[in-house]
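Here is a short tour of one protein chain, written for someone who likes to know what each side chain is doing. Please keep the sequence and the 3D view open as you read.

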Amino acid sequence: MIGRDTRLLKPLLFGLVLVVFVGMFLVPGEAPWPTRYARFGVPAFAYPGGDARNIQMAAHCARTAQPYLGDSACMAEASLFAGREPQMSVPMLNYPSWWVRAYAFFGDDSERFFMRFWHLNALLLVATVALCCWRYQQLALPFFLFSPVTLLTMERGNIEGITFFVTFVPLLLWPRVRVLHGLALGLAAALKVFPLFGAVAFLHRRLPFLDRPAGWGLLLSLPLIAVSLMELPEMVKVTQQAFKASYGFLTLQHAPFIEGHPKVAVLVTLAAVVLCLAVLWQRLRTPAVTDSVDADLSALSPADLTVLMVSAGIFVLTFLGFSNWAYRLIFLMPAALVVSRGRSATARQAFWGVLLVPWLALLPQGLNVLNLATFPLFVLMSLLLLRALRSVLSH
């Protein structure tokens, strides 16, 4: 009886966390919209789904035969939201046009339809976080679900929630169907481009240097990815960048006291790159570190190793190449959960780092501190990714 009670305890706690979360953030309540999120360090807009309003507006432009890509007059006018209080600010479209075509298909400009879209994005985000925690570490659920970066993704209505679902749910539910893994990652890349970095998990030592089944899946999605890649220059051009609530080497040019001083920004960025790579190199040359990490990785199943490499690959490569908003840190959660039971110091530091760093948002200037705290995470995840790649390519 005691054993049965123990087995029931975690599912009951799991269900309780989900019920409380849904009640606080997905069900209308008395607390004003911004207040719900401010308690967790999230600077919410006065209206829901601010990041996805450009999809709503672009769909309207598309159906009225007006341009919506680039510096669009239709997008700038934002006629759908004229006269609303508070006046909505609609960012230029920085998502692949697939989102616009899908939204426009329903032919509904109403706020009610938009909120259905917002709820879908939020529910798929919650479902993916819950599934990851259920698979690897159930007690981490409240920390990851109520995490400021999860809430920021949801509050903004940023479609990285749906992209997160498409990227990881097939890996978790069908761990042996490699062709589906490649196809899902390709579809996620068509939706947001950067998940393509997760393809490092499919690298192989022999021609064609990709796991064949996963490679076929990626190949099937290639036409969709190609369209998104062709639109990438326009998306990058209109995407805002900042240091606050962001991560990546390129964010340093927007740091306080550096922004507006390009030469200083270059020097600081180069110094940060050199420092991180030096620490990483030192760890890679320390047998006690690499041996313990290799022992953890060897204990993982092939499916779990794939989840780790997709997650870490996306984080490490976006850190190197892009200025990223903090909500993209949700893609780092699966890697942390996979190594949560590892015995090495690196695995423990990676797990606790990913778990706790987002909560720095609760501190004064916390969203600036959060950015700086992601640099040690970059070193830890780079180490895990490189040792995982070494393991995969040596077999």
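## Ser72 and its loop

Ser72 sits in the loop between helix 3 (53-63) and helix 4 (73-77); helices (H or I, at least four residues) and strands (E, at least two) are DSSP runs, numbered from the N terminus. This is a predicted model, in which local features need pLDDT of at least 70 and side-chain atom pairs count only at pLDDT 80 or more, while totals for chains, interfaces and linings use all residues. Residues are numbered from 1 along each chain as its sequence is written, and side-chain values use heavy atoms, with hydrogens and water left out.

With a relative accessible area of 4%, Ser72 is buried (buried means under 20% relative accessible area, exposed over 50%, partly exposed in between, with a 1.4 Å probe and protein chains only). Its side chain reaches the backbone nitrogen of Cys74 at 3.2 Å, and a polar atom of the Ser72 side chain also lies 3.2 Å from the backbone nitrogen of Met75. Leaving aside neighbours within four places in sequence, Ser72 is in contact with Pro67 and Met92, where contact means heavy atoms within 4.5 Å.

## Ser97 in helix 5

Another serine to look up is Ser97, in helix 5 (residues 97-105). Ser97 is buried because its relative accessible area is 0%. Its side chain makes a polar contact with the side chain of Glu231 at 2.6 Å. A polar contact is a pair of N or O atoms within 3.5 Å; within protein, one must be able to donate a hydrogen and the other to accept it, and residues adjacent in sequence count only if both atoms are side-chain atoms.

Not counting residues up to four places away in sequence, Ser97 touches Tyr68, Val227 and Glu231. The C-alpha atoms of Ser97 and Leu191 are separated by 8.7 Å, although these residues are 94 apart along the chain.

## His254 and Glu259

For a histidine, go to the loop between strand 1 (246-247) and helix 12 (262-284), where you will find His254. His254 has a relative accessible area of 18%, so it counts as buried. The side chains of His254 and Glu259 make a polar contact at 3.2 Å. Beyond its neighbours within four places in sequence, His254 is in contact with Gln241, Ala242, Phe243 and Glu259.

## Aromatic pairs

How many aromatic pairs does a search of the whole structure find? The search finds 31, counting rings of Phe, Tyr and Trp (its six-membered ring) whose centres lie within 6.5 Å; planes under 30 degrees apart count as stacked, over 60 as edge-to-face and the rest as tilted. The rings of Phe197 and Phe322 have their centres 6.0 Å apart and their planes at 55°, so this pair is tilted. Phe197 lies in the loop between helix 10 (178-192) and helix 11, and Phe322 in the loop between helix 14 (302-321) and strand 2 (324-325), so the pair ties together parts that are 125 residues apart in sequence.

Phe197 is partly exposed at 27% relative accessibility, and Phe322 is partly exposed at 26%. Elsewhere, ring pairs link Phe21, Phe25, Trp33, Tyr37, Phe40, Trp118, Phe146 and Trp359 into a cluster.

## Leu219

Leu219 has its place in helix 11. At 45% relative accessibility, Leu219 counts as partly exposed.
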